[in-house]
Amino acid sequence: MGLYDRDYIQQHSQEGAYEHTRVDESSIGAFIKQTYQLFAASLLAASAGAYVGVGMAKAISSWYWGLVILEFVFLFGLYAAKRKPGLNMILLFGFTFLSGLTLAPLLSNILGLKGGGSIVANAFILTTVAFGGLSIFAMYTKRDFSGMGKMLFITLIVVVVAGLINIFFHS
């Protein structure tokens, strides 16, 4: 908890709970390693869902909104079960697998285009480079990014609403 809430140690040290608390570099490195391993495993589950789904893209297209609703059920269930070991992992991997399934019709269409494999590969490479570069920057900078959470969440809501408007109005 202390790694996510940067004010946690200061708040509790003022209460006298922690007098000399220091987070060493090796524990941060171990935490980041575990986080990236979990991230890689969830990406593998999403890739498996996309791989399975590309072969049955037509069927998935007819179930698309049902799968999206099921995806949200898994997401909210994951939020509710975040402190229940085992169940939270099942829900996480179920959510990412369903995410891969819902991407399958799009991937199938793109892979059917001339040079479609190149488009997918370029998207994968650019995403990997951006994620890696931003991760390295965030690990070695002294800047605190926790204040950006509200602004980024509002931006996410605006992008989702704009996407929904685009679905119905084709703007």
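Colleague: In what order do the elements of the chain run from the N terminus on?
Modeller: This is a predicted model, where local features need pLDDT of at least 70, side-chain atom pairs count only at pLDDT 80 or more, and totals for chains, interfaces and linings use all residues. Residues are numbered from 1 along each chain as its sequence is written, and side-chain values use heavy atoms, with hydrogens and water left out. Helices (H or I, at least four residues) and strands (E, at least two) are DSSP runs, numbered from the N terminus. The chain has seven helices and zero strands, and the order is α-α-α-α-α-α-α.

Colleague: What percentage of the residues of the chain count as buried?
Modeller: Buried means under 20% relative accessible area, exposed over 50%, partly exposed in between (1.4 Å probe, protein chains only). Of the 171 residues, the buried ones make up 16%.

Colleague: Which helix gives the largest share of the lining of the second largest pocket?
Modeller: Helices H2 (25-54), H5 (87-112) and H6 (116-140) each supply at least two lining residues. Nine residues, the largest share, come from H5.

Colleague: How many charged residues does that lining have?
Modeller: Ala, Val, Leu, Ile, Met, Phe, Trp, Tyr, Cys and Pro count as nonpolar, Asp, Glu, Lys and Arg as charged, and the others, Gly among them, as polar. The lining of the second largest pocket has 15 nonpolar and seven polar residues, and its charged residues number none.

Colleague: Which backbone oxygen does the side chain of threonine 96 reach?
Modeller: Threonine 96 is found in helix H5. Its relative accessible area is 10%, so threonine 96 is buried. Contact means heavy atoms within 4.5 Å; not counting residues up to four places away in sequence, threonine 96 touches Ser42, Ala45 and Ala46. At 3.4 Å, its side chain reaches the backbone oxygen of serine 42.

Colleague: Is phenylalanine 131 buried or partly exposed?
Modeller: Phenylalanine 131 is found in helix H6. Leaving out residues up to four places away in sequence, phenylalanine 131 touches Tyr36 and Phe39. Its relative accessibility is 35%, so phenylalanine 131 counts as partly exposed.

Definitions and conventions: A polar contact is a pair of N or O atoms within 3.5 Å; within protein, one must be able to donate a hydrogen and the other to accept it, and residues adjacent in sequence count only if both atoms are side-chain atoms.
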